[in-house]
Amino acid sequence: MAEYQIKNYNQNIRNQINKVIEKNLLKGISVAESINQIINQLYDLEEIQNPPKQAYREYFMGVTYIDAYKMLAYKQKKNMTTEQEKDFFFQIYNISNLIDLTTEISANPEFFSNIVKLSYDFSLLPNLAKSLVIMSLYPSENHKLATIFPGHSLDLAEYSQIITINTLVDEIQKQINYYEKVLCIDFTEGIVLSICGFIKDFFAINPHNSTVLCLNLAQKDYQASKYLIDKVDDKQTLQQHISTYENLSLTDIIIKLKDDDEFLFDTIWMLIDLCVLKSYNTLKIDESLVSSYGEQNIVKKLTPPPSTYPE
């Protein structure tokens, strides 16, 4: 029997907001003007005694509120909020139920406009960034948001999944496609930096998943380095990484990946070469062949126990 997957209807609201704004931008209409158009249509529904339309309005308010809360909560925890954002976070933080939210929105169009803008900002984030924002919420915050708007549980289910090597590879491929097709630039360095930043932040949120993820990264990096060491002229980085995996303890390897920015940067770049670009400089790489390289005792050392998260 196929696994049943609950659809995240919150995405429908975000997609509608995104579609209106992006379409208007092509016409020269600003984001702020587009949001005003959206909220004016929602205000018009206040006077319409139509249960489906009232339910839609309520759902729209709920989605945009939880998006605004989690965006500002994340920035507040990172000490990145501006004075204006601090003030607005105070307002949304003190919403305690749906009646409070409805009352505030009905009386304050600027409040409604701000939460719609933050919901739009959330929709533009890469999936890994969305995961960080949502997984950084405290249990008490999740309880509060789910009490105000039960649809919050849909986001928790979607963005609190285990992060694996395949998750990283899929995200890297999406970012490469975006840079090439939308921005028309080749900026692998920027992609590597974003993945490194995610991993370092992820350690603070989920140390266990992060540790397993880094072990999987280390194993691939080690085997690829062993495969390449006799095939390239510039061996310094490869030798350094091989030596790290062969001579350091498992605990020290994890600490190095967590704390040594340059080492993690090179490890993520190797993941891109191996699993996405399938080449190292001009040398083609066969991932299935690479998996047979390396000292078996080292490969075993870098392999997470079966009881941990699968790759």
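Residues are numbered from 1 along each chain as its sequence is written. In this predicted model local features need pLDDT of at least 70, side-chain atom pairs count only at pLDDT 80 or more, and totals for chains, interfaces and linings use all residues, while side-chain values use heavy atoms, with hydrogens and water left out.

Me: How many helices and strands does the protein have?
Reply: Helices (H or I, at least four residues) and strands (E, at least two) are DSSP runs, numbered from the N terminus. Taken along the principal axes, the C-alpha atoms fill a box of roughly 75 × 50 × 40 Å. The count is 17 helices and two strands.

Me: What percentage of the residues in the protein is buried?
Reply: Buried means under 20% relative accessible area, exposed over 50%, and partly exposed in between (1.4 Å probe, protein chains only). The protein has 311 residues, and the buried part of them is 44%.

Me: Which residues does phenylalanine 112 contact, leaving aside its neighbours within four places in sequence?
Reply: Phe112 is one of the core residues that touch the most other members. Beyond four places in sequence, its contacts are Ile39, Leu42, Tyr43, Phe60, Met61, Thr64 and Ile105.

Me: Is serine 113 buried or exposed?
Reply: Serine 113 is found in helix α6. Leaving aside neighbours within four places in sequence, serine 113 contacts Ile35, Asn36 and Ile39. Its relative accessibility is 18%, so serine 113 counts as buried.

Me: Which helix supplies the largest share of the lining of the largest pocket?
Reply: On a 1 Å grid over the protein atoms alone, a pocket is an open set of points where a 1.4 Å probe fits, with protein on both sides within 12 Å along at least five of seven lines; lining residues have an atom within 4 Å of a point. The lining includes Ser123, Lys130, Glu171 and Tyr178, and at least two residues each come from α6 (109–124), α7 (127–135) and α10 (165–183). The largest share, five residues, belongs to α10.

Me: What is the volume of the second largest pocket?
Reply: Its lining has 15 residues, and Gln84, Glu85, Phe88, Asn114 and Leu118 lie nearest the centre. Two or more lining residues come from each of α3 (51–77), α4 (83–93) and α6, with the largest share, six residues, from α6. A volume is the space filled by probe spheres set on the grid points, which are joined across faces, edges and corners. For the second largest pocket this is about 300 Å³.

Me: Where does the side chain of lysine 278 reach a backbone oxygen?
Reply: Lysine 278 sits in the loop between α15 (261–277) and β1 (279–280), and is partly exposed at a relative accessible area of 36%. Its phi is near 60 degrees, a positive value in a residue other than glycine. A polar contact is a pair of N or O atoms within 3.5 Å; within protein, one must be able to donate a hydrogen and the other to accept it, and residues adjacent in sequence count only if both atoms are side-chain atoms. At 3.4 Å, the side chain reaches the backbone oxygen of cysteine 275.

Me: Is asparagine 281 buried or exposed?
Reply: Asparagine 281 lies in the loop between β1 and β2 (283–284). Its phi is positive, about 60 degrees, although asparagine 281 is not a glycine. Its relative accessibility is 65%, so asparagine 281 counts as exposed.

Terms used: Contact means heavy atoms within 4.5 Å. A nonpolar core is a set of buried Ala, Val, Leu, Ile, Met, Phe, Trp, Tyr and Cys residues joined through side-chain atoms within 4.5 Å.
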